[in-house]
Structures are given as C-alpha cells and as structure tokens.
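Please look over this model with me. My notes on helix packing and domain layout follow the view.

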Amino acid sequence: MLLAFEDSHKEHLSFLVDLDPEVLNEFGLISMNFIRKGTNPKVFQGAAQKLGVPVETVQNGVEGLMFLLTESCKYMLSEIDFQDSVMTLGFGEETRATLLGLYTENQREVRSILQEMSMELPHYRDLEWRFDMQLASRSLRHQMVPSVLLRLVTEDEGEKKTTMLETDPVNLVHMTRVLETALQEMKSGYCRRIARNIK
C-alpha cells in the first residue's frame, strides 16, 4: 500500500527533499518530540535561523514529516511500501534511508501514542430481532399493529451492555435508508480524506 498525499502535504515535504541527511535526521527528532509532547514554536524559530529560511517553512516541514510518520505507522507500512511512498515525493536514496531509519526506530512508539489518542467507543457484538403483530385488543377487535423488537448487545472496555429497542416497520425502513446513504457517503473521496485526518 502506498500513501496518498494531498498537494499541501507534498508542498510541505518538498522543503525536506534537498536537506542533508544529518539535518533531515534533526527534523526527524524534532518531529518525534512534537508527536510525544506537542509543538513548541521556539524550536521552529531556532531551526529557521540556522537554515536561513522563514519560520513557516520549517514549521510546515516538521508538520509534514509528522504526518508522514503518523500515517505510515497507522497503516503499518512495510519498509518497501514506506520507501516507495517516500520515493514519489522526490527524496533521494540517502534521504530515503534516513527517513526509513527514523520510521523503523519509532514505529512502535508512534503506534502506541496513536492508540492512546484514539477514542474508545462501544463496539457492536450482537443483534437479535423479533417481529410482533397485534391483531386485536379489547377496544378494537380488528386491527393490525406491527412492531419490530430489537435486542442490541454492545461492548465497551470489556463490559457488555444490552439495549432493547422497539420500532415500527416504516421507521425501520427509513433508518435503513438513512444508514445506507451514510455508508455511500463514507465511500466518497471527501469523507475518506476527513476520516484519514481524524484518525
């Protein structure tokens, strides 16, 4: 699997293409510190003065490298896929080797940080349903009132929770249509980009 980069990410990472491997390694260390602790604008200013470039260029380069590392770790890219992804950005052999070393050394740590940051939501475990039909009551002898009874089981941090739901078939069909529309929307490129950035 190769990573797909937007034009803005390519532009941010283009600054790093021409750097010496030693300087690129420093950028890698800064990126890892920011992944661990968050950004520090003073570091950007110091690096910008040493390299003689605007602060925004350095900031974009570091953030681009952070994106490259986190996305690669999230999708658990193999070394070959990582190198191929980086090659599409125009990195030379030496700089690719530097980035690969940075990726392989910090892969476990970045994945554990990403796991800590992810939201834990209840997971689906089981769903049972039953169709009921009320044919008559004391006040109305001839009636047909259909209903669907659902037993939903979810799991949150190892603890199972059962929820009972009741609805009529018309409402159930409406919910199904809304969910199918949402699933189709999730397959669009726009939603995939958003979901990738949220993760």
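**Notes on helix packing and domains**

1. Helix 5 (residues 79-87) packs against helix 6 (residues 93-117) at an angle of about 135°, with the axes 10 Å apart. Axes are lines fitted to C-alpha atoms, for helices over the stretch in contact, and angles run from 0 to 180 degrees between N-to-C directions. Helices (H or I, at least four residues) and strands (E, at least two) are DSSP runs, numbered from the N terminus. Helix 5 and helix 6 are therefore oblique to each other. Angles under 35 degrees count as roughly parallel, over 145 as roughly antiparallel, 65 to 115 as roughly perpendicular and the rest as oblique.

2. This is a predicted model: local features need pLDDT of at least 70, side-chain atom pairs count only at pLDDT 80 or more, and totals for chains, interfaces and linings use all residues. Residues are numbered from 1 along each chain as its sequence is written, and side-chain values use heavy atoms, with hydrogens and water left out.

3. Which residues of helix 5 meet helix 6? They are Glu79, Phe82, Gln83, Val86 and Met87, and they face Arg96, Leu99, Leu100, Tyr103 and Thr104 in helix 6. Contact means heavy atoms within 4.5 Å. By class, this contact has 6 nonpolar, 2 polar and 2 charged residues. Ala, Val, Leu, Ile, Met, Phe, Trp, Tyr, Cys and Pro count as nonpolar, Asp, Glu, Lys and Arg as charged, and the others, Gly among them, as polar.

4. Helix 1 (residues 7-17) and helix 4 (residues 55-74) cross at roughly 110°, and their axes come within 8 Å. The pair is therefore roughly perpendicular. Helix 1 contributes His9, His12, Leu13, Phe15 and Leu16; helix 4 contributes Thr57, Val58, Asn60, Gly61, Gly64, Leu65 and Phe67. The contact of helix 1 with helix 4 divides into 6 nonpolar, 6 polar and no charged residues.

5. Helix 2 (residues 21-37) and helix 3 (residues 41-51) have axes 12 Å apart and an angle of about 170°. That makes helix 2 roughly antiparallel to helix 3. Val23, Phe27, Ile30 and Phe34 of helix 2 meet Val43, Phe44 and Leu51 of helix 3. This contact has 7 nonpolar, no polar and no charged residues.

6. The domain assignment gives domain 1 (7-117), domain 2 (120-167) and domain 3 (169-199). Such bounds come from an automatic or database domain assignment. The centres of domain 1 and domain 3, taken over C-alpha atoms, are separated by 33 Å.
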